[in-house]
Amino acid sequence: MRRILQINGEETETWLVHDGACFILNTPDGAIHCQLEAAGAKGGHVLRANGKVRELRLAVGPDATFVHMNGRVHEIGRIDPAERLAGSDSGSSDDRVIAPMPGVVLSVAVKPGDQVNEGQPLLVIESMKLETTLTAPRDGVVAEMPFAEGDSFGLKDILAQLAPEEE
Amino acid sequence: MTISKLLVANRGEIAARVLRTAKARGLATAVLRHATEQEGPAHLIADEVVTIDGPTPVAAYLDISQIVEAAKRIGADAVHPGYGFLSENAGFVAALEKAGVTFVGPTSEVIDLMGDKVRARAFVEERGFPVAPSAIEDDDPASFVERASAVGYPLLIKPSAGGGGKGMRVVREDSTLETEIETARREGERYFGDGRLFVERYIERPRHIEVQVMGDGQGNVVHFWERECSIQRRFQKIIEETPSPALTPGQRDEICETAAGIARAVKYRGAGTVEFIYSRDGAFYFLEMNTRLQVEHPVTELVTGFDLVAEQLRIAAGKGLSAAQADIPQTGHSIELRICAEDATTDFRPAIGDILLLDEPMGEGIRVDSGILDGGKVTTDFDPMLSKLIVHGPDRAQAIARARQAVQNYVVLGVTTNTGYLDAILAHPDFASGDVSTGFLAEQSETLTAPGEDVSDLLMAAAALSDERLLSDVMQISEMHRKMGGWRN
């Protein structure tokens with residue numbers, strides 16, 4: 001069974017099997033023979049993988065697994081490839097300005113239909129008590145500015161959308 | 001005057017911390033809670049939880065009339081404001097006074113004076129205490145730009161009504177001065193409803209050193225030594241310690257006595273902190289006075305052995321200071337780490353999430369002032385600081401070692417926190433040698449957020465083998481193959 005696992009933004013396609021005795025996680029970099037046993041305090045486990053043995057604390061969230069190991073916390077995103085295909089989105093990321101963090105729109109400099117050049121200011125936002133100017137990712141025509149001055153937005157909301165580039 | 005019932009007009013770790021002392025002293029206790037707010041440790045400690053409401057949770061905690069009304073309704077004879085929210089709001093103090101409720105803190109006049117950075121500065125300068133070269137817009141608005149330019153570069157623009165680093169801009173050349181002034185003015189208007197500014201000379205690679213003071217309101221003031229707070233991101237502290245590794249004993253006495261002198265000049269009542277900017281040549285200048293308990297007060301408690309909240313309550317009850325200066329020791333070394341829900345690798349972006357597993361460190365020389373509970377939810381409604389880890393050791397090296405061990409064992413799973421980043425700071429050779437400035441985190445950002453050893457094979461194995469749905473699918477297939485008798489690997 002396949003899972004896409006994401007660590008520090010990097011995705012790896014994996015395929016887990018059981019050979020009757022042991023789990024094997026197949027990755028593009030090779031197979032990992034592995035075993036995980038609950039032990040000790042809440043969330044405590046012992047992991048054996050390719051000859052290494054590690055004690056860790058672990059918690060499983062809906063989309064990510066959190067692992068505390070050797071004094072560090074790691075987050076591993078889990079994506080079911082089937083679900084990703086079903087919910088695949090349209091539009092190139094190059095066409096959008098995505099909110100880097102939640103905040104408020106202070107001013108909007110352009111409107112749909114405007115021709116903009118790469119680097120041209122589109123809107124000014126305030127997040128975490130700081131003013132930031134967001135600029136056009138490329139030359140193009142503004143398709144949509146979903147937020148008006150004074151509006152609040154969330155992390156990863158689309159703050160500006162450019163019309164798709166003509167091939 | 002006695003205090004028998006205390007309302008803590010705050011939340012999170014500081015509410016829990018104040019409540020613990022109040023309860024230990026036999027007071028009846030109450031704390032606020034917004035209708036949508038997660039249950040926290042404070043709600044479990046307080047005898048009574050008072051629900052407040054407002055358009056946003058923060059707005060509710062800033063609603064003076066609602067909170068004063070709540071204090072009267074439950075029969076609280078005193079209110080402790082914690083830090084932030086209404087702790088430095090003279091209007092709140094006046095409203096409580098009018099309602100006959102004691103405010104645990106200074107008078108509204110002193111809050112007013114120290115809350116206005118320009119007036120505070122002028123007050124301190126007039127009494128012969130050191131301040132950095134500056135220009136104040138209000139003195140003559142027409143010539144402000146010209147006078148600012150004359151202060152010399154680099155300079156720092158600050159809102160007169162500001163604090164906490166908001167709206168501050170560093171200007172390095174004349175050509176950008178006017179546009180930066182306009183930006184700072186807009187920020188000042190937005191955050192503080194006040195666009196007045198002042199500029200002062202920007203001290204390169206400065207340290208931030210502050211002094212804890214306590215006054216009885218009659219002119220008697222003692223200090224509880226200094227705290228070094230140079231480890232800051234976005235002008236906000238994340239690691240504080242005492243004693244400061246930068247000061248010689250002579251400099252320590254000088255800076256602490258200066259702070260006590262400033263507090264004496266205003267006949268300060270209660271706990272306060274005088275902040276200084278400390279230049280590499282040993283000169284120091286008054287920055288501001290915070291008229292409340294500070295986030296980082298526990299390091300002072302661990303080296304002096306005093307409970308500062310108990311001192312505050314004692315003074316508020318009119319019983320005066322409990323100790324003379326000579327009776328306040330500075331023993332060993334203490335470090336505080338602020339555990340924040342934020343991602344240090346993406347410019348400290350606040351993180352949200354459910355706390356799936358919480359295990360906080362314990363042991364000798366370790367104190368945790370926590371505002372979270374296992375199973376709780378971290379939202380963006382409030383500040384990203386979740387808790388504070390404070391350690392004490394016989395000397396600085398041992399305190400650092402203890403802090404590293406404790407922060408490595410501080411397990412918060414489910415929401416991104418800065419524990420790994422804090423440990424990376426403690427492990428940095430410049431931190432170990434004490435050679436830091438307020439720019440340290442920015443200068444070392446790449447080193448401090450560098451990825452550690454690549455353990456992705458282990459992490460992927462752990463994630464796959466703890467995924468119940470994946471395991472059940474895999475086992476079903478394995479079972480099917482076994483039954484068909486065709487399984488070979």
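Q: Quick one to start: how is chain B divided into domains?
A: Keep in mind that this is a predicted model. Chain B has domain 1 (5-104), domain 2 (133-201), domain 3 (207-448) and domain 4 (456-489). As for spacing, 49 Å lies between the C-alpha centres of domain 3 of chain B and domain 4 of chain B.

Q: What makes B:Gly270 a buried residue?
A: The label needs 20 or more other C-beta atoms within 10 Å. B:Gly270 has 26 of them, so it counts as buried. You'll find B:Gly270 in strand 13 (residues 269-278) of chain B.

Q: Which residues is B:Gly270 in contact with, leaving aside its neighbours within four places in sequence?
A: The cut-off is 7 Å between C-beta atoms. The partners of B:Gly270 are B:Val104, B:Gly105, B:Pro106, B:Gly215, B:Gln312, B:Ile315 and B:Ala316.

Q: How many residues does each chain bring to the contact?
A: Chain A puts in 49 residues and chain B puts in 41 residues. On the chain A side, strand 6 of chain A gives the largest share, seven residues.

Q: What makes up the side of chain A that touches chain B, in terms of nonpolar, polar and charged residues?
A: That side divides into 25 nonpolar, 13 polar and 11 charged residues. Gly goes in the polar group by this scheme.

Notes. Residues are numbered from 1 along each chain as its sequence is written. Chains are lettered from A and ligands numbered from 1 in the order in which they are written. This is a predicted model: local features need pLDDT of at least 70, side-chain atom pairs count only at pLDDT 80 or more; totals for chains, interfaces and linings use all residues. Two residues are in contact if their C-beta atoms, placed from the backbone, lie within 7 Å. Helices (H or I, at least four residues) and strands (E, at least two) are DSSP runs, numbered from the N terminus. Domain bounds come from an automatic or database domain assignment. A residue is buried if 20 or more other C-beta atoms lie within 10 Å of its own, exposed if 12 or fewer, and partly exposed in between; C-beta atoms are placed from the backbone.
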